Amino acid sequence: MPTFRPQAFWLFFPAAALLAAAAVPLSVWAVLGGGGWPSGLLNTGHGHEMIFGFALALIAGYTLGRQSPERLYLLFALWLAARISWWFMPDTLLANALSPAFALALAAVVLPRFHAAKKWRNKMVGPLIGTLAIMAVAFGLSRTTIWQSDLAELGPFRIMHAAIIGLLLLMTFMGGRILAPSVANTLDKKGVALNARLQPRMEGTLIILLAAALPFSLIPPLRHASGALLVAAALVTAVRLARWKLWRCLERPDLMVFAVGYSWLVVGGLLSGIALLSGRSMSASLHMITIGALGTLAGSVMLKLAWQRACRQWPPAKRTVPLAIAIGAATLLRFAAGTEPFSHPQMLWCSAALWAGAWLLMALELLRLSKMARQRVATSTAST
């Protein structure tokens, strides 16, 4: 009998959705009504959970595939322990060690999968995931006394902003790799030729621009250069997106929603670059990346994999479109709240409520589809 190897996304995707649904409103509550509880979601804490908790769980679910139960559940237990310790004991050595430990463990499992690629662009997934793991380690170190005394300029906020640029690069790369073939296949079935598919020169240019913007953002004299690189990358991404002729794919709402998420990368990268160039804070514009782009793209990927596995079809419009609308509204409200969001509590609460509602429904949908997938497998096994 073949060894049972569960799919990682059925475990990590619902957990990531529940984390997203809880972390954002609780982070607002901690400041506006909860007296600082939970303490791990104050200041950079909620950003830490969105990048090194939510985003890494998404990456784990998407890249791990089938794993032995022992390895999969050990990785998940490490992720869960990191979340619990960070939320409730953020200043302890345990909390600052577990989150980087999960990131490094995930990278150790995933990176070997991409070594066989021959072209340098095809090898980028591994290094990009590795970069996020390194940023998780750097963020933990930035909270230590030694780091704060010797590298005070590279504090947690600076590390967090650089990590978001790394996430921007990963989403730009992976999003293009998902969107381009899907659009091409859709147009091929309609007899429409799409000459601009992956657009390797643009993809390579984006990798170089954003890979340089990340370290430059950490060095004060080079922050203006980082801003210029972000603006250039946003413009290249916009041209690349336009060449995919997405207006010819209106019958695929799942593709259109994914394209909306990819468009948030353009807007967020552009406004963040302008903020750096003008010497202003990026805190508001970066949320267009972490809420608009990450939320929409993550939700699209989750629904696509779950619906294909459970129902053998694309997710319908009634599942994808409300997600894009809710997350889009949440993004605009958070951006409107500006760089001092807690002075606009109504906007912040509305943004958090829309985000949390979308992800709570996502978690319920994923659990429903997981049950359907198990029933399909059981029926297929019984019939053979």
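Guide: This is a predicted model. Let's start with the largest pocket, which has a volume of about 700 Å³.

Visitor: Which residues lie closest to the centre of that pocket?
Guide: Asn43, His46, Gly47, His287 and Arg334 are the closest to its centre, out of 30 residues that line the largest pocket.

Visitor: And which elements give two or more residues to that lining?
Guide: Those are α1 (9-32), α2, α7, α11 and α13 (345-383). The most comes from α11, with five residues.

Visitor: What's the lining of the largest pocket like by class?
Guide: It has 17 nonpolar residues, 12 polar ones and one charged one.

Visitor: OK, on to the cavities. How many are there of 30 Å³ or more?
Guide: The count comes to four.

Visitor: What lines the largest cavity?
Guide: There are 18 lining residues, and Leu58, Ile59, Met171, Met174 and Val301 lie nearest the centre of the cavity. At least two residues each come from α2 (45-63), α5 (125-142), α7 (156-189) and α11 (283-311).

Visitor: Which of those helices gives the most to the lining?
Guide: That's α7, with six residues.

Visitor: How many charged residues are in that lining?
Guide: None; by class, the lining of the largest cavity has 16 nonpolar and two polar residues, with no charged ones.

Visitor: Thr320 is interesting. Is it buried or exposed?
Guide: Buried. Thr320 sits in α12, where Leu323, Ala324, Ala326, Ile327, Gly328, Ala330, Thr331 and Arg334 are buried as well.

Visitor: How many residues does helix α12 have, and what does it span?
Guide: α12 covers residues 317-336, so 20 residues by its DSSP run. From first C-alpha to last, α12 reaches 28 Å, close to the 28 Å expected at 1.5 Å a residue.

Visitor: What comes just after α12?
Guide: Gly338 is there, with a positive phi of about 75°.

Visitor: Back to Arg334, then. I'd like to know about Ser283 too: what is it in contact with, beyond its sequence neighbours?
Guide: Leaving aside neighbours within four places in sequence, Ser283 is in contact with Arg334 and Thr339. Arg334 is also one of the residues closest to the centre of the largest pocket.

Visitor: Where is Ser283, and why does it count as buried?
Guide: Ser283 is found in helix α11. It counts as buried because its relative accessibility is 19%, and the cut-off is under 20%.

Visitor: What does the Ser283 side chain make a polar contact with?
Guide: With the side chain of Ser281, at 3.1 Å.

Visitor: Last one: His48. Which helix is it in, and is it buried or exposed?
Guide: His48 is in helix α2, and at 2% relative accessibility His48 counts as buried.

Visitor: What is His48 in contact with, again skipping close sequence neighbours?
Guide: Leaving aside those within four places in sequence, His48 is in contact with Gly53, Arg83, Trp86, Ser99, Phe139 and Met160.

How values were computed
Residues numbered from 1 in each chain as written. Predicted model: local features only at pLDDT ≥ 70, side-chain atom pairs only at ≥ 80, totals over all residues. Heavy atoms only, no water. 1 Å grid on protein atoms, 1.4 Å probe; cavity = no way out; pocket = protein on both sides within 12 Å on 5 of 7 lines; lining within 4 Å. Points joined across faces, edges and corners; volume = space filled by probe spheres on them. Helix = DSSP H or I, 4+ residues; strand = E, 2+ residues; numbered from the N terminus. Nonpolar A, V, L, I, M, F, W, Y, C, P; charged D, E, K, R; others polar. Buried < 20%, exposed > 50% of the residue type's maximum accessible area, 1.4 Å probe, protein only. Polar contact = N/O pair within 3.5 Å; in protein donor to acceptor, adjacent residues only side chain to side chain. Contact = heavy atoms within 4.5 Å. Expected span 1.5 Å × (residues − 1).
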